[in-house]
Amino acid sequence: MEDFFLTISLVLGFFVLLCLYRVVRGPGVFNRMIGGSVIGTKTMVILALMGFLYKRVDMFVDICLVYALLNFIATLAAAKYFQRKGAK
Amino acid sequence: MSVLAVVFILSGTFFFFTATVGFLRFPDFYSRMHATGKSDTLGALLSLIGLALYNGFSLVSIKVLFIVLFIFITSPTATHAILRAAFDSEVTPWTKDGKIVREAGEEKTG
């Protein structure tokens, strides 16, 4: 089962790298903002999987919860900050 | 129970894959938002439910299910906030012939 979790973590890491292309090249600030949100969600699942890999789920699940909260607050704050005319 | 967990995690990874492909391949901001806003939420939900099933009934599983509930509420909210900000910033939707569907900030008529 550890091998399965490690494989899924590596696949999700590869997806994060693919999303990073859009964050670097994507036109405008809003594409980059979605990229950050998507990468945050994937990172959260990777964190939970890491907890099962290292057999410290009780600690990693708290980190995962805090990461979810921070991702949500950061996305809302950035969306409010860039909400003006002609930001593109 | 372990087989069910593997099925859940694999389907979650499939939805993450579709979200990534849509995010890379779609032509403009709104369609990318369409791909990531739903598929990413569903992928995270399925993966975390699979992990909770694998762990069995304990405090950790309850916390994981609480994270699932949290994502189920907050991820569409974040998507809506970004979309609203982009629409107010006059990001125009993509159309096949390049014509503008309607002006940003204008109320929909009819």
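This briefing describes a predicted model of a complex and groups its main features by topic. Residues are numbered from 1 along each chain as its sequence is written, while chains are lettered from A and ligands numbered from 1 in the order in which they are written. Because the model is predicted, local features need pLDDT of at least 70 and side-chain atom pairs count only at pLDDT 80 or more, whereas totals for chains, interfaces and linings use all residues. Helices are named here as DSSP runs of H or I with at least four residues, numbered from the N terminus.

**Confidence**

- The predictor gives the complex an ipTM of 0.89, together with a pTM of 0.87.
- Within chain B, confidence is highest in α1(B), at 93, and lowest in α3(B), at a mean of 91.

- Leaving aside neighbours within four places in sequence, A:V45 is in contact (C-beta atoms, placed from the backbone, within 7 Å) with A:L12, B:A44, B:S47 and B:L48.

**Where the chains meet**

- On the two sides of the interface, 35 residues of chain B are in contact with 39 residues of chain A.
- On the side of chain B that touches chain A, α1, α2 and α3 of chain B each supply at least two residues, and α3(B) gives the most, with 13 residues.
- By class, this side of chain B has 23 nonpolar, seven polar and five charged residues; here Ala, Val, Leu, Ile, Met, Phe, Trp, Tyr, Cys and Pro count as nonpolar, Asp, Glu, Lys and Arg as charged, and the others, Gly among them, as polar.

**Helix α3(B)**

- The 30 residues of α3(B) reach 43 Å from first C-alpha to last, close to the 44 Å expected at 1.5 Å a residue, where the expected span is 1.5 Å times one less than the number of residues.
- A kink of about 25° in α3(B) is centred on B:I71, the bend being the angle between axes fitted to the seven residues ending at a residue and the seven starting there.
- Among the buried residues of α3(B) are B:V60, B:V64, B:I67, B:I71 and B:I82; a residue is buried if 20 or more other C-beta atoms lie within 10 Å of its own, exposed if 12 or fewer, and partly exposed in between, with C-beta atoms placed from the backbone.
- These buried residues of α3(B) pack against α2 and α3 of chain A, together with α2 of chain B.
- After α3(B) comes B:E90, whose phi is positive, near 60°.

**Helices of chain A**

- The end C-alpha atoms of α1(A) are 35 Å apart, which agrees with the 34 Å that its 24 residues should span at 1.5 Å a residue.
- The buried residues of α1(A) are A:I8, A:L12, A:F15, A:V16, A:C19 and A:R22, and what covers them includes α2 of chain A together with α1 of chain B.
- For α2(A), 26 residues should span 38 Å at 1.5 Å a residue, and the end C-alpha atoms are 37 Å apart, which agrees.

**Individual residues**

- A:Y21, found in helix α1 of chain A, is partly exposed because 13 other C-beta atoms lie within 10 Å.
- In the loop between α2 and α3 of chain A lies A:K55, which has a positive phi of about 60° although it is not a glycine; A:K55 is exposed, with 9 other C-beta atoms within 10 Å.
- A:D58 belongs to helix α3 of chain A and counts as exposed, with 12 C-beta neighbours inside 10 Å.
- B:F29, placed in helix α2 of chain B, counts as buried because of its 24 C-beta neighbours inside 10 Å.
- Not counting residues up to four places away in sequence, B:F29 touches A:G28, A:F30, A:N31, B:A86 and B:V91.

Definitions and conventions: pLDDT = per-residue confidence, 0-100.
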